[in-house]
Amino acid sequence: MLDYLWQYGLFLAETLTVAAAVAALILLVAVLAARRRAGGGPERLEVRDLGARYHEMKRTLESGLLRGKARKAAAKDRKREAKAREKGTGADRPRVFVLDFKGDIRASAVSSLREEVTAVLAHARPEDEVLVRLESAGGLVHEYGLAASQLMRVRERGIPLTVSVDRIAASGGYMMACVADRILAAPFAILGSIGVLAQIPNFHRLLDRHGIDFEQFKGGEFKRTVTMFGENTDADRAKLTQDIGEIHGIFKHFVAEQRPGLDVERVATGEHWLGRRAKDLGLCDELVTSDDYLLAATERAELVGVRFEARKRLASRLAESVSAFLGGAETALRTSEKDRRLSL
């Protein structure tokens, strides 16, 4: 009897939990919809004083190492520095605008990048610098072409552009990186992969085996070549291969324009290399992490972090909420099931 009541109590608790979660989800949808009608979530440009962060870390460590009068003197120095910064002392120093780009296959971050570049170009001076901390393994050609064109805006305005690669800038990622006046890379960062790839499964034989026809109608001989469901011909494959070759040629030409001293034919094989070898081949200019570069830059310039936070669509925010809810519900149910097994 006790075991029955225990199991019933667990079942009731799970039911109430799910009901409460569903109610919360419905409420969340209503709130998000109301916000969307009111103009949606805010889009904002976040500007951070990265130099102050580095100075504060340095001062904190120094303070921890000092004792007695030396610590008091250091504290007075910190106060003077803080007042000087508040009054704008050093405002005439060059500035390094720091942007971050973490790319996926669709280069989704380009929507924020274009806003960040626009904001920086509205205030940047010729003596300033733009540093992009780039991480991407590449993706769709047209998306990364747009991302590269955003960085070209900086160079066209005569603002020095530096790209720092701590982990990877390959394929479309390298298309972006090569635009920079200088490319910095960590010793084991991956660079290169100057190539083009297309791959697609084909289910024609499977459908044919089950008596399923796939019909395709097109106007224009090459409106569609290789397909997932139809029977691909040698002519289809040849046309797709030709298209890939043309895109690869444009890619190589673009890299050659941006880095004239690079032996493009040597590196445009689709291969990638680690930092040290990449430097030997001319794919990057200096082996240094972004951390060391920025730490050194604090001595000569003000460091300004710029990040644009775009408004997320209702569907995206709802998907994130549902994903988080399902993950939490799954964990709760697994824990409950484990407790039930232990109680038997």
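The structure is a predicted model, in which local features need pLDDT of at least 70, side-chain atom pairs count only at pLDDT 80 or more, and totals for chains, interfaces and linings use all residues. Residues are numbered from 1 along each chain as its sequence is written, and side-chain values use heavy atoms, with hydrogens and water left out.

**View 1. The ring pair of Phe101 and Tyr144.** A search of the whole structure finds three aromatic pairs (rings of Phe, Tyr and Trp, the latter by its six-membered ring, with centres within 6.5 Å; planes under 30 degrees apart are stacked, over 60 edge-to-face, the rest tilted). In one of them, the centres of Phe101 and Tyr144 are 6.5 Å apart and the planes stand at 75°, so this pair is edge-to-face. Phe101 belongs to strand β2 (residues 95–102) and Tyr144 to helix α5 (residues 141–156), so that distant parts of the chain, 43 residues apart, are linked. Helices (H or I, at least four residues) and strands (E, at least two) are DSSP runs, numbered from the N terminus. Phe101 is buried at a relative accessible area of 2%, and Tyr144 is buried at 1% (buried means under 20% relative accessible area, exposed over 50%, partly exposed in between, with a 1.4 Å probe and protein chains only).

**View 2. The ring pair of Phe214 and Phe229.** Here the ring centres lie 5.6 Å apart with planes at 40°, so the pair of Phe214 and Phe229 is tilted. Phe214 and Phe229 both lie in the loop between α7 (204–209) and α8 (234–258), and the pair ties together parts that are 15 residues apart in sequence. Phe214 is partly exposed, at 38% relative accessibility, and Phe229 is partly exposed at 33%. Ring pairs join Phe203, Phe214 and Phe229 into a cluster.

View 3. The 16 residues of α5 reach 22 Å from first C-alpha to last, close to the 22 Å expected at 1.5 Å a residue (the expected span is 1.5 Å times one less than the number of residues). Glu143, Tyr144, Ala147, Ala148, Gln150, Leu151 and Val154 are the buried residues of α5. Down the helix axis they fall within an arc of 145°, so they line one face of α5; the arc is that of the directions from the helix axis to the C-beta atoms. The face turned away from this buried side carries the exposed residues His142 and Glu156. Elements packed against the buried residues of α5 include β2, α4, β3 (129–136) and α8. Just after α5, Gly158 has a positive phi of about 80°.

**View 4. The surroundings of His248.** His248 is in helix α8 and is buried, with a relative accessible area of 18%. Leaving aside residues up to four places away in sequence, His248 touches Ile194, Gly195, Val196 and Ala268 (contact means heavy atoms within 4.5 Å).
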